Amino acid sequence: MHIDLVTIVVADYDPAIAFFTEVLGFELAEDVPSLTNDGRPKRWVVVRPPGGGTGLLLAKADGERQRAVVGDQAAGRVGFFLRVDDFDKSYARMREHGVTFVTEPREEPYGRLAVFLDIAGNRWDLLGPHPDHARG
């Protein structure tokens, strides 16, 4: 058993796809026409980290209630965690692409981390190996 998808509510599909694929390096796994539960057109958009793993369903906000959670899905807490093998390389690449970091990198017992905002404004931890563990 594994979690296949987690939904992130976004303002619009294409900017969200660009952020996750071009900035974070995810792969566009699916982008197909679909229908809402009441029959209106929408898109089924899934991005995944390279090599698979849990994907993100990028869902365009539909209605005022959904628009209200764009960027605040975890009520201001870090709600998503992106683990990378090379923290410094990923951090530098993301900064070069204009990603907003709300904390400076720091070391915790479980690894190196910095909090960043996705395109919608949700908080994520960028997580890498603890420097002591990375040296072998």
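Which exposed residues are carried by the face of α3 turned away from its buried side? Please describe the surroundings of this helix as well.

Analyst: The face of α3 turned away from the buried side carries the exposed residues Lys 89 and Glu 96. The model is predicted, so local features need pLDDT of at least 70 and side-chain atom pairs count only at pLDDT 80 or more, whereas totals for chains, interfaces and linings use all residues. Residues are numbered from 1 along each chain as its sequence is written, and side-chain values use heavy atoms, with hydrogens and water left out.

Helix α3 spans residues 87-96, and Phe 87, Ser 90, Tyr 91 and Met 94 are buried in it. Seen down the axis of α3, these buried residues fall within an arc of 100°, so they line one face of the helix. Buried means under 20% relative accessible area, exposed over 50%, and partly exposed in between (1.4 Å probe, protein chains only); the arc is that of the directions from the helix axis to the C-beta atoms. Helices (H or I, at least four residues) and strands (E, at least two) are DSSP runs, numbered from the N terminus.

At the N-terminal end, Asp 86 caps α3, with a side-chain oxygen 3.4 Å from the backbone nitrogen of Asp 88. The helix is followed by Gly 98, whose phi is positive, near 85°.

The buried residues of α3 pack against α1 (13-23), β7 and β8, where contact means heavy atoms within 4.5 Å. Strands β7 (residues 111-117) and β8 (residues 123-128) pair in the antiparallel sense over six bridges; two strands pair if DSSP finds at least two bridges between them. Arg 112 has Gly 128 in β8 as its bridge partner. Both strands belong to an open, mixed sheet of four strands in the order β5-β8-β7-β6. Its edge strands, β5 (78-83) and β6 (106-108), each pair on one side only.

The structure holds eight aromatic pairs. Phe 87 and Tyr 91 form a stacked one, 5.9 Å centre to centre with 10° between the planes. Rings of Phe, Tyr and Trp (its six-membered ring) pair if their centres lie within 6.5 Å; planes under 30 degrees apart count as stacked, over 60 as edge-to-face and the rest as tilted. Being four residues apart in α3, Phe 87 and Tyr 91 are separated by about one helical turn. Phe 101 and Phe 116 form a tilted pair, 5.8 Å centre to centre with 50° between the planes. This pair links distant parts of the chain, 15 residues apart: Phe 101 lies in the loop between α3 and β6, and Phe 116 in strand β7. Phe 101 and Phe 116 are both buried.

How values were computed. Polar contact = N/O pair within 3.5 Å; in protein donor to acceptor, adjacent residues only side chain to side chain.
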